[in-house]
Amino acid sequence: MPELPEVEVTRLSLVERLRGARISAVRLGKPLRWPLGCEPVSLVGRRVDDVTRRGKYLWFGLGPGAGTEAGGLLVHLGMSGSLNLAQVPGEPGPWDHFDMATDRGLLRLTDPRRFGAVVWSPSAESGVAAKLLAKLGLEPFDQRFDGAHLHAALRKRKVAVKQALLGGAIVVGAGNIYACEALFEAGIDPRTRSDRISRPRADRLASAVRAVLARAVERGGSTLRDFRDAHGAAGEFQLEARVYGRAGERCVRCDRTVRRIVQGGRATFFCPGCQRR
Ligand SMILES: [Zn+2]
(Lines give C-alpha, C1' and ligand atoms only; values in the text may rest on other atoms or scores of the structure.)
Protein backbone atom coordinates (compact mmCIF):
# COMPACT_ATOMS: atom_id res chain seq x y z
CA MET A 1 0.00 0.00 0.00
CA PRO A 2 1.49 3.37 -0.96
CA GLU A 3 2.39 5.28 2.22
CA LEU A 4 3.08 8.98 2.64
CA PRO A 5 6.75 8.78 1.56
CA GLU A 6 5.81 7.00 -1.69
CA VAL A 7 3.09 9.58 -2.35
CA GLU A 8 5.54 12.42 -1.70
CA VAL A 9 8.15 10.80 -3.96
CA THR A 10 5.45 10.47 -6.65
CA ARG A 11 4.66 14.18 -6.24
CA LEU A 12 8.33 15.11 -6.51
CA SER A 13 8.62 13.03 -9.69
CA LEU A 14 5.68 14.86 -11.31
CA VAL A 15 5.59 18.44 -10.07
CA GLU A 16 8.30 20.02 -12.24
CA ARG A 17 7.19 18.22 -15.38
CA LEU A 18 3.47 18.85 -14.94
CA ARG A 19 3.50 22.46 -13.72
CA GLY A 20 2.16 24.49 -16.64
CA ALA A 21 1.11 21.44 -18.69
CA ARG A 22 -2.09 21.79 -20.71
CA ILE A 23 -4.65 18.98 -20.66
CA SER A 24 -5.63 17.71 -24.10
CA ALA A 25 -7.77 14.65 -23.29
CA VAL A 26 -9.05 12.59 -20.36
CA ARG A 27 -9.98 8.91 -20.49
CA LEU A 28 -11.68 6.96 -17.70
CA GLY A 29 -11.42 3.19 -17.21
CA LYS A 30 -13.45 1.18 -14.74
CA PRO A 31 -15.05 2.96 -11.75
CA LEU A 32 -12.69 3.85 -8.92
CA ARG A 33 -13.53 4.29 -5.23
CA TRP A 34 -15.37 7.58 -5.86
CA PRO A 35 -16.70 9.06 -9.11
CA LEU A 36 -14.76 11.82 -10.91
CA GLY A 37 -17.54 14.32 -10.18
CA CYS A 38 -17.28 16.22 -13.47
CA GLU A 39 -17.46 15.60 -17.19
CA PRO A 40 -13.99 14.45 -18.34
CA VAL A 41 -14.25 16.84 -21.31
CA SER A 42 -14.58 19.81 -18.90
CA LEU A 43 -10.93 19.25 -17.92
CA VAL A 44 -9.64 19.64 -21.47
CA GLY A 45 -7.79 22.91 -22.14
CA ARG A 46 -7.01 23.55 -18.47
CA ARG A 47 -3.46 24.07 -17.25
CA VAL A 48 -1.93 22.27 -14.28
CA ASP A 49 -0.95 25.04 -11.81
CA ASP A 50 0.74 22.89 -9.20
CA VAL A 51 0.91 19.43 -7.64
CA THR A 52 0.73 19.44 -3.83
CA ARG A 53 0.20 16.77 -1.17
CA ARG A 54 -1.88 16.51 1.99
CA GLY A 55 -1.48 13.21 3.85
CA LYS A 56 -1.66 10.52 1.19
CA TYR A 57 -3.71 12.70 -1.16
CA LEU A 58 -2.25 14.53 -4.14
CA TRP A 59 -3.88 17.75 -5.32
CA PHE A 60 -3.54 18.70 -8.97
CA GLY A 61 -4.55 22.37 -9.03
CA LEU A 62 -6.07 23.24 -12.43
CA GLY A 63 -6.60 26.67 -13.96
CA PRO A 64 -9.95 27.74 -15.41
CA GLY A 65 -11.28 26.01 -18.53
CA ALA A 66 -13.49 27.35 -21.33
CA GLY A 67 -16.16 29.32 -19.44
CA THR A 68 -15.52 27.35 -16.23
CA GLU A 69 -13.93 28.17 -12.89
CA ALA A 70 -10.56 26.94 -11.66
CA GLY A 71 -10.52 23.81 -9.50
CA GLY A 72 -8.52 20.66 -9.27
CA LEU A 73 -8.28 16.92 -8.97
CA LEU A 74 -7.76 15.16 -5.66
CA VAL A 75 -5.98 11.85 -6.25
CA HIS A 76 -5.59 8.94 -3.82
CA LEU A 77 -3.58 5.85 -4.69
CA GLY A 78 -5.70 3.54 -2.52
CA MET A 79 -4.21 0.10 -1.84
CA SER A 80 -2.40 -0.52 -5.09
CA GLY A 81 -2.38 2.64 -7.20
CA SER A 82 0.56 4.24 -8.96
CA LEU A 83 0.87 7.31 -11.15
CA ASN A 84 3.20 7.50 -14.09
CA LEU A 85 3.89 10.31 -16.55
CA ALA A 86 5.00 8.90 -19.89
CA GLN A 87 6.07 10.62 -23.11
CA VAL A 88 5.21 7.59 -25.20
CA PRO A 89 2.44 5.78 -23.33
CA GLY A 90 1.30 2.34 -24.40
CA GLU A 91 -2.34 1.47 -24.94
CA PRO A 92 -4.26 1.46 -21.62
CA GLY A 93 -4.29 -1.97 -19.97
CA PRO A 94 -7.05 -3.54 -17.85
CA TRP A 95 -5.69 -1.85 -14.68
CA ASP A 96 -5.34 1.66 -16.14
CA HIS A 97 -8.41 3.57 -14.95
CA PHE A 98 -7.51 7.23 -15.48
CA ASP A 99 -5.48 8.80 -18.29
CA MET A 100 -4.85 12.53 -18.51
CA ALA A 101 -3.10 13.47 -21.76
CA THR A 102 -1.11 16.73 -21.64
CA ASP A 103 1.45 18.50 -23.81
CA ARG A 104 4.11 17.17 -21.36
CA GLY A 105 3.09 13.53 -21.59
CA LEU A 106 0.32 11.25 -20.43
CA LEU A 107 -0.40 10.92 -16.72
CA ARG A 108 -1.80 7.46 -16.01
CA LEU A 109 -3.27 5.96 -12.84
CA THR A 110 -2.74 2.20 -12.71
CA ASP A 111 -4.72 0.61 -9.89
CA PRO A 112 -5.46 -3.15 -9.99
CA ARG A 113 -7.61 -3.13 -6.84
CA ARG A 114 -9.41 0.14 -7.64
CA PHE A 115 -9.46 1.55 -4.10
CA GLY A 116 -7.80 4.66 -5.50
CA ALA A 117 -9.70 7.71 -6.70
CA VAL A 118 -9.53 10.84 -8.84
CA VAL A 119 -12.10 13.41 -7.72
CA TRP A 120 -12.90 16.90 -9.03
CA SER A 121 -13.24 19.64 -6.42
CA PRO A 122 -13.58 23.43 -6.82
CA SER A 123 -10.56 23.83 -4.50
CA ALA A 124 -8.56 21.84 -1.95
CA GLU A 125 -10.33 23.80 0.81
CA SER A 126 -13.91 23.32 -0.39
CA GLY A 127 -16.26 20.74 -1.84
CA VAL A 128 -15.34 17.06 -1.82
CA ALA A 129 -11.65 17.77 -1.13
CA ALA A 130 -12.42 19.67 2.08
CA LYS A 131 -14.59 16.80 3.26
CA LEU A 132 -11.94 14.14 2.57
CA LEU A 133 -9.07 16.16 4.06
CA ALA A 134 -10.94 17.49 7.12
CA LYS A 135 -9.99 14.79 9.60
CA LEU A 136 -6.31 14.54 8.78
CA GLY A 137 -3.75 15.26 11.50
CA LEU A 138 -0.79 17.61 11.07
CA GLU A 139 1.82 17.01 8.38
CA PRO A 140 4.96 15.45 9.92
CA PHE A 141 7.13 18.17 8.35
CA ASP A 142 4.85 20.97 9.56
CA GLN A 143 6.60 23.07 12.23
CA ARG A 144 3.48 22.82 14.39
CA PHE A 145 4.06 19.07 14.73
CA ASP A 146 6.42 18.94 17.71
CA GLY A 147 6.74 17.26 21.10
CA ALA A 148 4.27 19.66 22.73
CA HIS A 149 1.60 18.96 20.12
CA LEU A 150 2.18 15.21 20.24
CA HIS A 151 2.22 15.12 24.04
CA ALA A 152 -1.05 17.09 24.31
CA ALA A 153 -2.75 14.85 21.73
CA LEU A 154 -1.51 11.60 23.34
CA ARG A 155 -2.74 12.70 26.78
CA LYS A 156 -6.31 12.65 25.46
CA ARG A 157 -6.06 9.02 24.36
CA LYS A 158 -5.98 5.77 26.29
CA VAL A 159 -5.06 3.48 23.37
CA ALA A 160 -1.57 2.02 22.81
CA VAL A 161 0.79 4.68 21.49
CA LYS A 162 1.30 2.80 18.23
CA GLN A 163 -2.45 2.79 17.59
CA ALA A 164 -2.58 6.53 18.28
CA LEU A 165 0.12 7.12 15.67
CA LEU A 166 -1.49 4.82 13.07
CA GLY A 167 -4.84 6.56 13.42
CA GLY A 168 -3.54 9.58 11.51
CA ALA A 169 -5.61 12.09 13.48
CA ILE A 170 -2.57 13.42 15.39
CA VAL A 171 -0.02 13.30 12.59
CA VAL A 172 -0.35 11.86 9.08
CA GLY A 173 2.16 9.50 7.50
CA ALA A 174 3.05 7.23 10.43
CA GLY A 175 1.85 4.07 8.66
CA ASN A 176 2.70 0.63 10.06
CA ILE A 177 6.37 0.43 9.04
CA TYR A 178 7.09 4.02 9.95
CA ALA A 179 5.27 3.87 13.31
CA CYS A 180 7.29 0.76 14.29
CA GLU A 181 10.57 2.37 13.23
CA ALA A 182 9.84 5.71 14.95
CA LEU A 183 8.93 3.97 18.24
CA PHE A 184 12.17 1.99 18.05
CA GLU A 185 14.15 5.14 17.39
CA ALA A 186 12.46 6.87 20.35
CA GLY A 187 12.95 3.83 22.64
CA ILE A 188 9.24 3.51 23.41
CA ASP A 189 7.40 0.19 23.80
CA PRO A 190 4.58 0.27 21.20
CA ARG A 191 2.12 -1.07 23.82
CA THR A 192 2.59 1.91 26.16
CA ARG A 193 -0.68 3.71 26.83
CA SER A 194 -0.75 7.05 25.00
CA ASP A 195 -1.65 9.12 28.07
CA ARG A 196 1.37 7.76 29.95
CA ILE A 197 3.96 9.10 27.50
CA SER A 198 5.99 11.84 29.22
CA ARG A 199 6.77 15.14 27.54
CA PRO A 200 10.48 14.31 26.99
CA ARG A 201 9.51 11.00 25.37
CA ALA A 202 6.92 12.79 23.21
CA ASP A 203 9.71 15.15 22.09
CA ARG A 204 11.84 12.18 21.09
CA LEU A 205 8.93 10.46 19.35
CA ALA A 206 7.96 13.55 17.33
CA SER A 207 11.57 13.92 16.15
CA ALA A 208 11.73 10.20 15.34
CA VAL A 209 8.52 10.30 13.25
CA ARG A 210 9.88 13.22 11.25
CA ALA A 211 13.32 11.65 10.82
CA VAL A 212 12.02 8.23 9.72
CA LEU A 213 9.64 9.76 7.14
CA ALA A 214 12.25 12.22 5.88
CA ARG A 215 14.72 9.36 5.41
CA ALA A 216 12.14 7.35 3.44
CA VAL A 217 11.35 10.30 1.15
CA GLU A 218 15.05 11.00 0.63
CA ARG A 219 15.77 7.37 -0.17
CA GLY A 220 12.90 7.27 -2.64
CA GLY A 221 13.79 10.61 -4.16
CA SER A 222 17.46 9.82 -4.61
CA THR A 223 16.79 6.78 -6.79
CA LEU A 224 13.72 8.15 -8.50
CA ARG A 225 13.29 8.03 -12.23
CA ASP A 226 9.65 7.17 -12.58
CA PHE A 227 7.02 5.76 -10.32
CA ARG A 228 8.24 2.20 -10.67
CA ASP A 229 11.43 3.39 -9.07
CA ALA A 230 9.40 4.98 -6.30
CA HIS A 231 7.97 1.57 -5.46
CA GLY A 232 11.42 0.03 -5.62
CA ALA A 233 12.70 2.71 -3.29
CA ALA A 234 9.99 1.96 -0.76
CA GLY A 235 11.14 -1.64 -0.81
CA GLU A 236 14.67 -0.46 -0.29
CA PHE A 237 13.64 1.46 2.80
CA GLN A 238 12.08 -1.70 4.21
CA LEU A 239 15.37 -3.51 3.75
CA GLU A 240 16.98 -0.86 5.91
CA ALA A 241 14.28 -1.01 8.57
CA ARG A 242 15.79 -1.63 11.98
CA VAL A 243 12.90 -3.55 13.59
CA TYR A 244 10.14 -3.86 11.00
CA GLY A 245 10.10 -7.37 9.52
CA ARG A 246 13.02 -8.52 11.69
CA ALA A 247 11.27 -10.76 14.23
CA GLY A 248 13.69 -13.33 15.67
CA GLU A 249 16.77 -11.35 14.61
CA ARG A 250 19.14 -9.71 17.05
CA CYS A 251 18.42 -6.03 17.74
CA VAL A 252 20.83 -3.66 15.99
CA ARG A 253 21.35 -1.80 19.29
CA CYS A 254 21.38 -4.43 22.03
CA ASP A 255 21.66 -8.22 22.39
CA ARG A 256 17.92 -8.86 22.70
CA THR A 257 15.77 -10.44 19.98
CA VAL A 258 13.26 -8.39 17.98
CA ARG A 259 9.68 -9.47 18.74
CA ARG A 260 6.55 -9.49 16.60
CA ILE A 261 3.13 -8.94 18.16
CA VAL A 262 -0.26 -8.02 16.67
CA GLN A 263 -1.95 -4.74 17.60
CA GLY A 264 -5.31 -3.83 16.10
CA GLY A 265 -4.86 -6.53 13.45
CA ARG A 266 -1.48 -5.14 12.31
CA ALA A 267 1.96 -6.61 12.93
CA THR A 268 4.14 -4.65 15.34
CA PHE A 269 7.88 -5.23 15.58
CA PHE A 270 9.89 -3.98 18.54
CA CYS A 271 12.88 -4.67 20.74
CA PRO A 272 11.96 -5.55 24.34
CA GLY A 273 15.47 -4.49 25.39
CA CYS A 274 15.65 -0.91 24.18
CA GLN A 275 11.97 -0.03 23.93
CA ARG A 276 10.47 0.60 27.37
CA ARG A 277 7.03 1.31 28.76
ZN1 LIG B 1 17.38 -3.50 21.41
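Residues are called buried under 20% relative accessible area, exposed over 50% and partly exposed in between, with a 1.4 Å probe and only protein chains considered. The model is predicted, so local features need pLDDT of at least 70 and side-chain atom pairs count only at pLDDT 80 or more, while totals for chains, interfaces and linings use all residues. Residues are numbered from 1 along each chain as its sequence is written, and side-chain values use heavy atoms, with hydrogens and water left out.

View A. Together with Met1 and Met79, Phe115 makes a nonpolar surface patch of about 270 Å². Such patches are made of residues with over 30% relative accessible area and no salt bridge, where like charges are joined within 9 Å and nonpolar side chains (Val, Leu, Ile, Met, Phe, Trp, Tyr) within 5 Å. Accessible areas come from the Shrake-Rupley method with a 1.4 Å probe, and for residues only the protein chains shown count as cover.

View B. The SG atoms of Cys251, Cys254, Cys271 and Cys274 are the protein donors of the zinc ion, at 2.2 to 2.4 Å from it; donors are N, O and S atoms within 2.8 Å of the metal (3.2 Å for Na, K and Ca), and sites may look incomplete because water is not among the atoms. The arrangement is tetrahedral because the four donor atoms subtend angles of 99 to 121 degrees around the zinc ion, where the term requires that all angles of four donors lie between 85 and 135 degrees. In sequence, the donor residues follow the spacing C-x2-C-x16-C-x2-C. Cys254, in the loop between helix 7 (227-239) and strand 9 (259-263), and Cys274, in the segment after strand 10 (266-270), are 20 residues apart and link distant parts of the chain. Cys254 is partly exposed, at 24% relative accessibility.

**View C. Salt bridges of Asp195.** Asp195 forms a salt bridge with Lys158, with 3.9 Å between the closest N and O atoms; the term denotes a side-chain nitrogen of Lys or Arg within 4 Å of a carboxyl oxygen of Asp or Glu. This pair links distant parts of the chain, 37 residues apart, with Asp195 in the loop between helix 5 (176-186) and helix 6 (199-222) and Lys158 in the loop between helix 3 (147-155) and helix 4 (161-167). Asp195 is partly exposed at 23% relative accessibility, whereas Lys158 is exposed at 61%. The side chain of Asp195 also meets that of Arg193 in a salt bridge (2.9 Å, N to O), and Arg193 is partly exposed at 30%.

**View D. Arg11 in a salt-bridge network.** Arg11 has its place in helix 1 (residues 4-18) and counts as buried at 17% relative accessibility. A network of salt bridges links Arg11 with Glu8, Arg53, Arg54 and Glu139. The side chains of Arg11 and Glu8 make a polar contact (3.0 Å), a term for a pair of N or O atoms within 3.5 Å; within protein, one must be able to donate a hydrogen and the other to accept it, and residues adjacent in sequence count only if both atoms are side-chain atoms.

Technical notes. Four donors count as tetrahedral if all angles lie between 85 and 135 degrees; four count as square planar and six as octahedral if opposite donors are over 155 degrees apart and all others between 65 and 115; anything else is irregular. Helices (H or I, at least four residues) and strands (E, at least two) are DSSP runs, numbered from the N terminus.
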